[in-house]
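Biologist: I am new to this structure and would like to go through a few of its residues with you, one question at a time.

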Amino acid sequence: MPTIKSIETLIVQLPTRREHKWAGLTEVIGRYVIVKMTDSDGRVGWGEAPALKDWGGEFGRYFGESALIARAVIDTYLAPAIVGVELGNIAELHARMDAIIRGYPYSKAAVEFAAYDLAGRWLNVPVSTLLGGRARDRVSVTHSIGLISIDEARVEVAKLVQEGVRTIKVKIGVDPDRDVAMVDAVREVAGNAVEICVDANEGYKTPGEAVQVVRRMEKNRLKYVEQPVMGIERIAEVGRRIDAPVMADESAWNAHDSIQIVRSGGIQIVSIYTTKAGGLYKAMEVGAVCRAAGIICNVNGSIETGIGNLANVQLAAASPSVTLSCVIPISTPAEFQHGQVAGIYYKDDLLVEPMKVVDGAIVVPSGPGMGIEVDQKKIEKYCVRD
Ligand SMILES: [Mg+2]
């Protein structure tokens, strides 16, 4: 039985197509930790920690892991603890990681993705098979409009509609009048065939303020309102007072949070990440709790590079709960970019080929492991020293 032999970490910085911001974010996206894991037969698997220092939630219950922190946690604690684990024994991998250090789910997720990638390559199956099989063959993509000006958004939305995007997420939570005007403009340009959702990233100060703002937007037919305020109970309060369903994101990290969300009684949607729970194995648990409670889910993330985004796609394919369109990039290397905008947040990517898109959905890659090969030359090109 092959075993995990060694783990290396490095930090990359992908160039962004344009600045991508949301409420509370103070650093650039795309500066992430890459994990290269080698097994005893010489196979290589890849993982990524899209760690952001600002990303937390729920009154300090979770907190940011920067790239430097994630790298230190992986190199110092996780890597030595998991050498020798048999390929495919993800339960043992998590038991060892959780025993050596508490918390740091993004660091643990990066290691786990590489372990899943290796197991899939060894068994010659895609990771979705290891997660229980494919619940779907395509993953619909929602394009996220960051905190840009209304004029810039008009131009971008027109392009998105042309490119076949079916769902647009608008970042709000900044200023009520600006937010309402932005959603009006997006609906005007997008027309009625497109679904619109909004994400405040905890930006409104009180449930009352959030309710007032959302009521002014609801004429634009919102599919859902994501994380209007901080705190499970406070989101639930908003959810009980507006017509559109509310989604928990910053407040929904793991299966235990999901139980609390179910008990709150007002939240109908949970945003699952591969990372918040600490990896795919635990993200599947989040989906299972939600499914049992009738809560629907999407997969959402931190604008990963192709390496982390392949894990998003494998999770979205495997989790029966993920019935909503997912807010994930369409990972596309520079050679395959021809001015398209939908799902494109970076000017280049770390994969040898682009994710294939049909009717606004990513076709789940069926290759072994995470499904698409990593381009080592691109990793060298975008590697940064710190
Ligand atoms: Mg969100």
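Predicted model: local features only at pLDDT ≥ 70, side-chain atom pairs only at ≥ 80, totals over all residues.

Biologist: Is Q337 buried, exposed or partly exposed?

Modeller: Q337 sits in the loop that runs between helix 11 (306-318) and strand 12 (357-358). A residue is buried if 20 or more other C-beta atoms lie within 10 Å of its own, and exposed if 12 or fewer do. Because Q337 has 16 C-beta neighbours inside 10 Å, it counts as partly exposed.

Biologist: Which residues does Q337 touch, if those up to four places away in sequence are not counted?

Modeller: G120 is 217 residues apart from Q337 along the chain, and the C-alpha atoms of the two are separated by 29 Å. Contact here asks for C-beta atoms within 7 Å. With residues up to four places away in sequence left out, those that Q337 touches are T332 and I344.

Biologist: What is the phi of Y104 near?

Modeller: Y104 is placed in the loop between helix 2 (90-100) and helix 3 (105-123), and it counts as buried because it has 22 C-beta neighbours inside 10 Å. Most residues other than glycine have a negative phi. Y104, a residue other than glycine, has a positive value, near 55°.

Biologist: Is E202 buried or exposed?

Modeller: E202 lies in the loop between strand 7 (195-199) and helix 7 (207-217), and its phi is positive, near 65°. Since 25 other C-beta atoms lie within 10 Å, E202 is buried.

Definitions and conventions
Residues numbered from 1 in each chain as written. Helix = DSSP H or I, 4+ residues; strand = E, 2+ residues; numbered from the N terminus. Contact = placed C-beta atoms within 7 Å.
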